[in-house]
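User: Hey, can you walk me through this protein? I'm new to reading structures.

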Amino acid sequence: MSAQNNSDAPLRLIAHDQADLEVMAACFQDAVLQVGDMGHMATMRRFALVANRLRWERVHTGSETQTSAERVRCGLHFDDVNQVHARRIRRDRPDEVLSLMTIRFEPDTTNAPGGFVTLVFAGGGEVRLKVDALSAACADLSGPWPARGLPGHDAPETSGHQE
């Protein structure tokens with residue numbers, strides 16, 4: 001599956017397996033959000049966030065890499081969430097800005113198709129979700145605007161952030 005999108009159409013993705021989630025994670029690398037922009041809705045068994053996503057699919061178009069970039073407001077949610085644990089994230093500081101580096105899934109071999117989704121943030125913060133099954137969806141919610149610059153790395157698979 002490819003994350004490239006050469007049109008201006010809003011991004012809409014779903015993930016039901018690890019390969020799907022890897023594409024979604026690449027699209028969300030370097031997304032910025034405030035701590036208060038994410039939360040667990042326990043009665044709905046959903047964890048959701050809204051972030052300013054860097055449009056990597058517009059930066060890397062074939063063999064060329066653009067020097068300018070755009071951001072877009074994007075929503076992301078995970079369903080079938082049983083537990084949420086945060087590490088090195090201050091929930092008492094809802095205005096604190098976080099930079100999302102990647103999203104990983106670890107299958108639970110004793111409780112398939114369940115597992116653990118981990119959202120990894122710059123600076124060592126993490127949110128770990130225990131899920132009955134991998135079920136995620138994201139959708140762009142706004143039009144794009146110019147980003148202040150590209151992060152200090154060459155591809156979405158590496159870490160580092162400069163915006």
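Predicted model: local features only at pLDDT ≥ 70, side-chain atom pairs only at ≥ 80, totals over all residues.

User: Ok! How many helices and strands are there in the protein?

Analyst: The protein has two helices and 13 strands. Both kinds are DSSP runs numbered from the N terminus: helices are H or I with at least four residues, strands are E with at least two.

User: And what percentage of the residues is buried?

Analyst: Buried residues are 42% of the 163 in the protein. Buried means under 20% relative accessible area, exposed means over 50%, and partly exposed is in between (1.4 Å probe, protein chains only).

User: Which residues touch the most other members of the largest nonpolar core?

Analyst: Those are Phe28, Phe78, Ile103 and Leu119, in a core of 34 residues. Helix 1 (residues 18–28) gives the most to this core, six residues. A nonpolar core here is a set of buried Ala, Val, Leu, Ile, Met, Phe, Trp, Tyr and Cys residues joined through side-chain atoms within 4.5 Å.

User: What is isoleucine 103 in contact with?

Analyst: Leaving aside neighbours within four places in sequence, isoleucine 103 contacts Leu21, Ala25, Phe28, Leu76, Phe78, Val117, Thr118 and Leu119. Contact means heavy atoms within 4.5 Å. There's also a second, separate core of five residues, including Leu54 and Ala147.

User: New topic: how many salt bridges does a search of the whole structure find?

Analyst: It finds 12. A salt bridge is a side-chain nitrogen of Lys or Arg within 4 Å of a carboxyl oxygen of Asp or Glu. One joins the side chains of aspartate 37 and arginine 73, at 3.6 Å from N to O. Aspartate 37 is in the loop between strand 2 (31–34) and strand 3 (38–41), while arginine 73 is in strand 7 (residues 70–79), 36 residues apart.

User: Is aspartate 37 buried or partly exposed?

Analyst: Aspartate 37 is partly exposed, at 22% relative accessible area. Arginine 73 also counts as partly exposed, at 25%.

User: What about arginine 46, which residue does it form a salt bridge with?

Analyst: Arginine 46 pairs with aspartate 79, and their closest N and O atoms are 2.7 Å apart. Arginine 46 is in strand 4 (residues 46–54) and aspartate 79 is in strand 7, so the pair ties together parts 33 residues apart in sequence. Arginine 46 counts as partly exposed at 23%, but aspartate 79 counts as buried at 18%.

User: Which residues are linked in a network of salt bridges?

Analyst: Arg53, Arg55, Glu57, Glu70 and Asp140 are.

User: Last one: where is valine 120?

Analyst: Valine 120 is in strand 10 (residues 115–121), and is buried at 14% relative accessible area. Beyond its neighbours within four places in sequence, valine 120 contacts several residues, among them Leu100, Arg104 and Glu126. The C-alpha atoms of valine 120 and arginine 104 are 8.0 Å apart.

User: And how do glutamate 126 and arginine 104 meet?

Analyst: Their side chains meet in a salt bridge, 3.8 Å from N to O. Glutamate 126 is in strand 11 (residues 126–131) and arginine 104 in strand 9 (residues 97–107), so this pair ties together parts 22 residues apart in sequence.

Methods. Residues numbered from 1 in each chain as written. Heavy atoms only, no water.
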